[in-house]
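Have the structure open while you read.

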Amino acid sequence: MKIGIIVAMDKELRQLQQLFNDGNVLVRKCGIGKVNAALGAQQMINDFHPDVIISSGCAGGNGDDINVQDVIVSSELCYHDVYCGRAIDDTTQYGQVQGLPVRFQADPYLLRKSKELKIKEENIKIHAGLVVTGDWFVDSKEKMRSIVNLFPEAKAVDMESCAIAQTCYINKVPFISFRVISDIPLRDTDASQYHNFWDTIAQNSFEVTKTFVQSL
């Protein structure tokens, strides 16, 4: 099985490249944001022809049961900053690109495998749930509240996953997002948790992605 892993930043790329030396696993950086993510996913599909694509990296978390270093596996994905209006089609929902699914569903096999993972680190938990994506680094409680008001069930907020999901949906490539929680914006001030995450615990968290890939 050929597995493509897409990350947004150099620091994520360095962490994950250290974990994989199998020629059937390709880790590539796409850059930050939805357009970069979609372009990176399409390039990976064209060049590498993966059987599976994984969006990996970090995300802001939401929910009383979510903590820094937990991993959110996307059961479904949508945009938190897309609104196509109702002038033409009054059935299109907030977060949905007109003509595409309301939410992109993770590949059922990949989702099932993620739920079966056995993690050695007792302080890391895996949660399946909604991942919402938008072109906004959430560094304030006010912004996070505005997103959660629209998507109260969201477990993670990032800047790439749904764009990769859309690209994979169009190309019929199985997809799942596997995001490590770097900060909880509603419990944080000035993104201090995010910066501490990279200084202290990021490497252990990305071991979970390696365990997931090895299980496929």
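A salt bridge here is a side-chain nitrogen of Lys or Arg within 4 Å of a carboxyl oxygen of Asp or Glu. Keep in mind that this is a predicted model.

Q: What makes Asp-81 and Lys-34 a salt bridge?
A: The cut-off is 4 Å between a Lys or Arg nitrogen and an Asp or Glu carboxyl oxygen. The closest N and O atoms of Asp-81 and Lys-34 are 2.9 Å apart, so the pair qualifies.

Q: Which parts of the chain does the Asp-81 and Lys-34 pair tie together?
A: Asp-81 sits in the loop between β4 and β5, and Lys-34 in helix α2, so the bridge connects parts 47 residues apart in sequence. Salt bridges with shared partners also join Lys-34, Asp-81 and Asp-135 into one network.

Q: Why is Lys-34 called buried?
A: Buried means under 20% relative accessible area. Lys-34 comes in at 16%, so it counts as buried.

Q: Are Arg-179 and Glu-160 buried or exposed?
A: Arg-179 has 2% relative accessibility and counts as buried. Glu-160, at 4%, counts as buried too.

Q: Why is α5 described as mostly covered?
A: Eight of the 11 residues in α5 are buried. Among them are Ser-161, Ile-164 and Cys-168.

Q: What makes the phi of Lys-172 worth a remark?
A: Most residues other than glycine have a negative phi. Lys-172 is not a glycine, yet its phi is positive, about 60 degrees. Look for Lys-172 in the loop between α5 and β8 (175–183).

Q: Why does Lys-172 count as exposed?
A: Exposed means over 50% relative accessible area, and Lys-172 has 73%.

Q: Where is His-49, and what is its phi?
A: His-49 lies in the loop between α2 (34–48) and β3 (52–61). Its phi is positive, about 50 degrees, and His-49 is not a glycine either. With a relative accessible area of 53%, His-49 is exposed, because the cut-off is over 50%.

Q: Which residues form the nonpolar patch on the surface?
A: Tyr-83, Tyr-94 and Leu-150, with about 320 Å² of accessible area together. Joining a patch takes over 30% relative accessible area. Tyr-94 has 36% and counts as partly exposed.

Q: What lines the largest cavity?
A: The lining includes Leu-77, Cys-78, Arg-103 and Phe-104. By class, the lining has seven nonpolar, two polar and one charged residues. The space inside is about 30 Å³. Arg-103 also meets Glu-76 in a salt bridge, at 2.9 Å from N to O.

Q: What makes up the lining of the second largest pocket?
A: It has 10 nonpolar, one polar and two charged residues. The pocket holds about 150 Å³ of space. Of its 13 lining residues, those closest to the centre are Gln-105, Ala-106, Asp-107, Val-173 and Phe-175. α5 gives the largest share of the lining, three residues.

Methods:
Residues numbered from 1 in each chain as written. Predicted model: local features only at pLDDT ≥ 70, side-chain atom pairs only at ≥ 80, totals over all residues. Heavy atoms only, no water. Patch = residues over 30% accessible without salt bridge, like charges linked within 9 Å, V, L, I, M, F, W, Y side chains within 5 Å. Areas by Shrake-Rupley, 256 points an atom, 1.4 Å probe, with all protein chains shown as cover. Buried < 20%, exposed > 50% of the residue type's maximum accessible area, 1.4 Å probe, protein only. 1 Å grid on protein atoms, 1.4 Å probe; cavity = no way out; pocket = protein on both sides within 12 Å on 5 of 7 lines; lining within 4 Å. Points joined across faces, edges and corners; volume = space filled by probe spheres on them. Helix = DSSP H or I, 4+ residues; strand = E, 2+ residues; numbered from the N terminus. Nonpolar A, V, L, I, M, F, W, Y, C, P; charged D, E, K, R; others polar.
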